[in-house]
Amino acid sequence: MIEITEETIANKLDASPIWAKGDIFAFELVLELLTAEDKAWISKQPEFTAELLDKMSDGELLSIRRDVAINPLTPVDILDKLSADKHSYVRSGVAHNPSTPEILLAQLSTDEDYIVRLCVAENHL
């Protein structure tokens, strides 16, 4: 198994005809080039752009949305969107994120899932 690093992802992107054209805003196409493991690694990195995190937060993979939800540098508007995710695993990630604003934590404190509520309580410790 190849270790996922910034260099391995850069190599994939450099090999892409989309990236080679310099169209760095074609996120949907670029994301298709990456594996689930690549996306998981990216979602945990603090230096990636809000736009990329936003695109990843719309993805089908629950684990990727969770990784975006717990990233302390995820912007508030994305946390707000993820706080309404249909899966409690994602919502608990938002509740656990130290950057989640009080207003979202207050909303999540009444979540139907007790794990989400527990994460809100732990966030206040």
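Visitor: Which residues in H6 meet which residues in H8?

Guide: Please keep in mind that this is a predicted model. On the H6 side, the residues that take part are Leu62, Arg65, Arg66, Ala69 and Ile70, and they meet Tyr89, Val90, Ser92, Gly93 and Val94 in H8. Sorted by class, the residues of this contact are 6 nonpolar, 2 polar and 2 charged.

To picture how two packed helices lie, one gives the angle between their axes and the distance between the axes. Helix H6 covers residues 62-70 and helix H8 covers residues 88-96, and their axes are 7 Å apart at an angle of about 10 degrees. Because angles under 35 degrees count as roughly parallel, H6 is roughly parallel to H8. The crossing in which H6 passes H8 is right-handed.

H6 also packs with helix H4, which is made of residues 36-43, and here the angle is about 10 degrees and the axes are 8 Å apart. That makes H4 roughly parallel to H6. From H4 the contact takes in Ala36, Lys39, Ala40 and Ser43, while from H6 come Ile64, Asp67 and Val68. By class, the contact of H4 with H6 has 4 nonpolar, 1 polar and 2 charged residues.

If residues up to four places away in sequence are left out, alanine 40 touches Ile64 and Asp67. Alanine 40 can also be compared in position with serine 63, for the two are 23 residues apart in sequence, and yet their C-alpha atoms are 7.4 Å apart in space.

On the way to H8 there is a further residue to look at, serine 83, which sits in the loop between helix H7 (76-82) and H8. Serine 83 has a relative accessible area of 11% and is buried. A polar atom of its side chain lies 2.6 Å from the backbone oxygen of aspartate 80. Not counting residues up to four places away in sequence, serine 83 touches Arg91, Val94, Leu104 and Leu108. Val94, one of these, is also among the residues in H8 that meet H6.

Technical notes. Residues numbered from 1 in each chain as written. Predicted model: local features only at pLDDT ≥ 70, side-chain atom pairs only at ≥ 80, totals over all residues. Heavy atoms only, no water. Axes fitted to C-alpha atoms, helices over the stretch in contact; angles between N-to-C directions. Helix = DSSP H or I, 4+ residues; strand = E, 2+ residues; numbered from the N terminus. Parallel < 35°, antiparallel > 145°, perpendicular 65-115°, else oblique. Left-handed = near helix turned anticlockwise from the far one by under 90°. Contact = heavy atoms within 4.5 Å. Nonpolar A, V, L, I, M, F, W, Y, C, P; charged D, E, K, R; others polar. Buried < 20%, exposed > 50% of the residue type's maximum accessible area, 1.4 Å probe, protein only. Polar contact = N/O pair within 3.5 Å; in protein donor to acceptor, adjacent residues only side chain to side chain.
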